[in-house]
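The sequence and the model are shown first.

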Amino acid sequence: MAVYDLPFPMPENALLEVIGLPYPLIASGKVREVFDMGDALLMVATDRVSAFDVVMTEGLAGKGILLTQISLDWFVLAGAVIQHHLVENHEARVEELGKIYPELRYRSMIVKKLNPLSIEAVVRGYLSGSGWESYSQTGRLFEHELPRDLVQSSQLPRPLFTPTTKANSGHDMPIDCTDAAELVGEDLFWRVHDLSIQLYEMGSLRAQGAGIILADTKFEFGTDEDGELYLIDEILTPDSSRYWPMHEYVPGTAQPSFDKQFIRDYLNSLDWDKSPPPPTLPDDILKGTLDRYIEAYFKITK
């Protein structure tokens with residue numbers, strides 16, 4: 001793996017928990033912790049890493065920084081497509097926060113208070129993951145009809161929107177577009193559908209220029225009190241997307257990827273039932289995974 005000169009400092013130790021802030025903690029996910037700053041929310045990406053819905057004991061030092069910086073880079077481009085949740089004076093506010101809490105400087109987003117939609121917007125350009133499982137069993141990508149001659153990792157004839165429910169814990173579940181429209185409203189659903197395809201195509205084009213394939217991704221959206229739609233959460237990171245190296249792409253099998261699949265592959269080699277407590281991750285597995293995140297950062301943001 002190449003050695004990179006990152007434009008921000010990386011910590012020696014993984015940040016697994018955010019403590020000592022004067023703001024109430026209102027949400028804690030597998031990676032992010034969300035605090036109420038009064039007029040806005042503070043989203044902090046920790047260095048926690050999960051696999052098979054289990055949070056590992058070890059973290060990846062700096063992973064949260066890489067994810068945040070990738071998202072911030074994409075939000076600049078996405079702003080030409082749709083408004084997003086970052087506050088207007090975001091950079092200045094994060095810089096001020098970092099003077100008091102330097103460990104949060106590069107891993108934080110200060111965002112508007114919005115109402116998240118009850119669906120997640122998944123766009124697939126290739127046949128992989130649960131999409132490949134669906135096709136293998138039914139010949140369709142969930143509700144979408146597909147040609148019969150596709151193989152694992154095949155490029156789809158066109159990007160397809162396959163929404164899911166938004167689970168507070170466990171797995172998000174696939175949902176038909178008709179049911180998704182009933183959850184959020186017909187007009188809003190189709191806006192989310194069209195914007196998600198447009199954002200995927202934007203990301204895919206940029207990824208191609210960097211020699212990588214954006215196989216699929218998920219977006220989240222929210223509305224303000226007036227019903228205005230915003231792009232929220234993270235965007236086009238290796239945690240929310242499948243990125244594959246283009247020069248290694250061979251349809252018919254699973255592809256190497258720039259994410260925690262390296263950890264999943266190691267865990268699959270063990271006699272572990274995918275329930276807590278997780279097994280210990282060796283140093284070489286942790287380093288190999290972090291190297292992939294660093295390479296992804298440079299390829300995606302260059």
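## Surface and charge

The chain exposes about 14,300 Å², of which carbon and sulfur atoms supply 50%. The model on which this value rests is a predicted one. Buried residues account for 52% of the 302 residues in the chain.

The side chains include 26 positive and 46 negative ones, and the centres of these two sets lie 3 Å apart.

## Overall fold

Seven helices and 15 strands make up the secondary structure elements of the chain. The radius of gyration is 19 Å, close to the 19 Å that the globule rule gives for 302 residues, so the chain is as compact as a globular protein of that length. Along the principal axes, the C-alpha atoms fill a box of roughly 60 × 50 × 40 Å.

Among contacts in the chain with a separation of 6 or more, 67% are between residues 24 or more positions apart.

## Ser-28

Strand S1, residues 25-28, contains Ser-28. When neighbours within four places in sequence are left aside, Ser-28 is in contact with Glu-33 and Arg-48. Ile-212, 184 residues from Ser-28 along the chain, has its C-alpha atom 31 Å from that of Ser-28.

## Aromatic pairs

A pair of aromatic rings is described by the distance of the centres and the angle of the planes. With pairing taken as ring centres within 6.5 Å, the count comes to ten aromatic pairs. In one of them, the rings of Phe-8 and Tyr-106 have centres 6.0 Å apart and planes at 35 degrees, so this pair is tilted. Phe-8 lies in the segment before S1, and Tyr-106 in the loop between helix H2 (90-100) and strand S6 (108-111), so the pair ties together parts that are 98 residues apart in sequence. Phe-8 is buried, with a relative accessible area of 6%, whereas Tyr-106 is partly exposed at 26%.

Another pair is formed by Tyr-126 and Trp-244: the ring centres are 5.6 Å apart and the planes are at 70 degrees, so the pair is edge-to-face. This pair links distant parts of the chain, with Tyr-126 in strand S8 (residues 119-126) and Trp-244 in strand S15 (residues 241-245), 118 residues apart. Both Tyr-126 and Trp-244 are buried.

## Aromatic cluster

Phe-8 and Tyr-106 also belong to one aromatic cluster, together with Tyr-297 and Phe-298.

Note on methods
Residues are numbered from 1 along each chain as its sequence is written. This is a predicted model: local features need pLDDT of at least 70, side-chain atom pairs count only at pLDDT 80 or more; totals for chains, interfaces and linings use all residues. Side-chain values use heavy atoms; hydrogens and water are left out. Helices (H or I, at least four residues) and strands (E, at least two) are DSSP runs, numbered from the N terminus. Contact means heavy atoms within 4.5 Å. The radius of gyration is taken over C-alpha atoms; the globule rule is 2.2 Å times the number of residues to the power 0.38. Buried means under 20% relative accessible area, exposed over 50%, partly exposed in between (1.4 Å probe, protein chains only). Accessible areas come from the Shrake-Rupley method with a 1.4 Å probe; for residues, only the protein chains shown count as cover. Lys and Arg count as positive and Asp and Glu as negative; His and the chain ends are not counted. The place of a charge is taken as NZ of Lys, CZ of Arg, CG of Asp or CD of Glu. Rings of Phe, Tyr and Trp (its six-membered ring) pair if their centres lie within 6.5 Å; planes under 30 degrees apart count as stacked, over 60 as edge-to-face and the rest as tilted.
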